[in-house]
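Visitor: I'm new to reading protein models. Could you walk me through this one, one question at a time?

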Amino acid sequence: MDISARTDYAVRAMLMLAEAESAGDGPVSVETLATRQDLPRKFLEAIVADLRRAKLVTSTRGARGGYSLARPQSEISVGDVFRAVDGPLAEVRGLRPHDTTYEGAAAHLSTLWVAVRASLREVLDGTTLADLRRGKLPARVARLASAPDAWRNR
């Protein structure tokens, strides 16, 4: 699976907004988000616009304006952020896994693609910004990350 720069940057920006929420700080500007996470500002502006359209962030105008989380960080999953900027978690040639059909030797491949999507949902939808920010991942996610070969390339 390829996690795009767009998704990576969006999650990092949302974590900064979650941190600001926890600290009781006001809105955070795109400039601040970009500087603190070393992200390209113009690209981040487009990403934040997607997050706003998805109703994950709200904007405040003015000299002290910027962006804030639209809901509590405990109610925003990493999957929500992923979908807001990159669309569905899993697609096969532009189709949702359950919409694929195969014949012959590949007849059961759709079931595998659906299982892959379910696994992604379990991890990404089951992990909130609050979980990630605090480093308190759900037990299943923590177990997956601590598996002996989880950090090795294959």
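Predicted model: local features only at pLDDT ≥ 70, side-chain atom pairs only at ≥ 80, totals over all residues.

Visitor: How do the elements of the protein run from the N terminus on?

Guide: The protein has seven helices and two strands. Its C-alpha atoms fill a box of roughly 65 × 35 × 25 Å along the principal axes. From the N terminus on, the order is α-α-α-β-β-α-α-α-α.

Visitor: What share of the residues in the protein is buried?

Guide: A residue counts as buried when its relative accessible area is under 20%. The protein has 154 residues, and the buried share of them is 35%.

Visitor: Which element gives the largest share of the largest nonpolar core?

Guide: That core has 34 residues, and Met-14, Leu-17, Leu-44, Leu-51, Val-81 and Leu-129 touch the most other members. At least two core residues come from each of H1, helix H2 (30-37), H3, E2, H4 and H5. The largest share is ten residues, and the element supplying them is H1.

Visitor: Which residues is Met-14 in contact with, leaving aside its neighbours within four places in sequence?

Guide: Met-14 is one of the core residues that touch the most other members. Contact here means heavy atoms within 4.5 Å. Leaving aside neighbours within four places in sequence, the partners of Met-14 are Leu-51, Leu-56, Val-57, Leu-69, Ile-76, Val-81 and Leu-129.

Visitor: Is H1 parallel, perpendicular or oblique to H4?

Guide: Two packed helices are described by the angle between their axes and the distance between the axes. Helix H1 (residues 5-23) packs against helix H4 (residues 78-86) at about 130°, and the axes are 9 Å apart. That angle makes H1, relative to H4, oblique.

Visitor: How many nonpolar, polar and charged residues are in the contact of H1 with H4?

Guide: H1 brings Arg-6, Thr-7, Ala-10, Val-11 and Met-14, and they meet Val-78, Val-81, Phe-82, Val-85 and Asp-86 in H4. Sorted by class, the contact of H1 with H4 comes to seven nonpolar, one polar and two charged residues.

Visitor: What covers the buried residues of H4?

Guide: The buried residues in H4 are Val-78, Gly-79, Val-81, Phe-82, Ala-84 and Val-85. Just after H4 comes Gly-87, with a positive phi of about 85°. As for the cover over those buried H4 residues, it includes H1, helix H3 (41-53), H5 and H6.

Visitor: Which residues in H2 do Arg-12, Ala-13, Met-16 and Leu-17 in H1 meet?

Guide: The crossing of these two helices, H1 and H2, is right-handed. On the H1 side we have Arg-12, Ala-13, Met-16 and Leu-17, and on the H2 side they meet Thr-32, Leu-33, Arg-36 and Gln-37.

Visitor: Are H2 and H3 parallel, perpendicular or oblique to each other?

Guide: H2 and H3 pack at about 120°, with their axes 9 Å apart. Angles over 145 degrees count as roughly antiparallel and 65 to 115 as roughly perpendicular, with 35 as the limit for roughly parallel, and the rest are oblique. Therefore the word for H2 and H3 is oblique.

Visitor: Is Thr-128 buried or exposed?

Guide: Thr-128 is in the loop between helix H5 (109-124) and helix H6 (129-134). Beyond its neighbours within four places in sequence, Thr-128 is in contact with Gln-73, Ser-74, Ile-76 and Ser-77. Its relative accessibility is 15%, so Thr-128 counts as buried.

Visitor: And is Arg-64 buried or exposed?

Guide: Arg-64 is also in a loop, the one between strand E1 (57-60) and strand E2 (66-69). In sequence, Arg-64 is 36 residues from Val-28, while their C-alpha atoms are 8.3 Å apart in space. Exposed means over 50% relative accessible area. Arg-64 has 76%, so this residue is exposed.

Terms used
Residues numbered from 1 in each chain as written. Heavy atoms only, no water. Helix = DSSP H or I, 4+ residues; strand = E, 2+ residues; numbered from the N terminus. Buried < 20%, exposed > 50% of the residue type's maximum accessible area, 1.4 Å probe, protein only. Axes fitted to C-alpha atoms, helices over the stretch in contact; angles between N-to-C directions. Nonpolar A, V, L, I, M, F, W, Y, C, P; charged D, E, K, R; others polar. Core = buried A, V, L, I, M, F, W, Y, C linked by side-chain atoms within 4.5 Å. Left-handed = near helix turned anticlockwise from the far one by under 90°.
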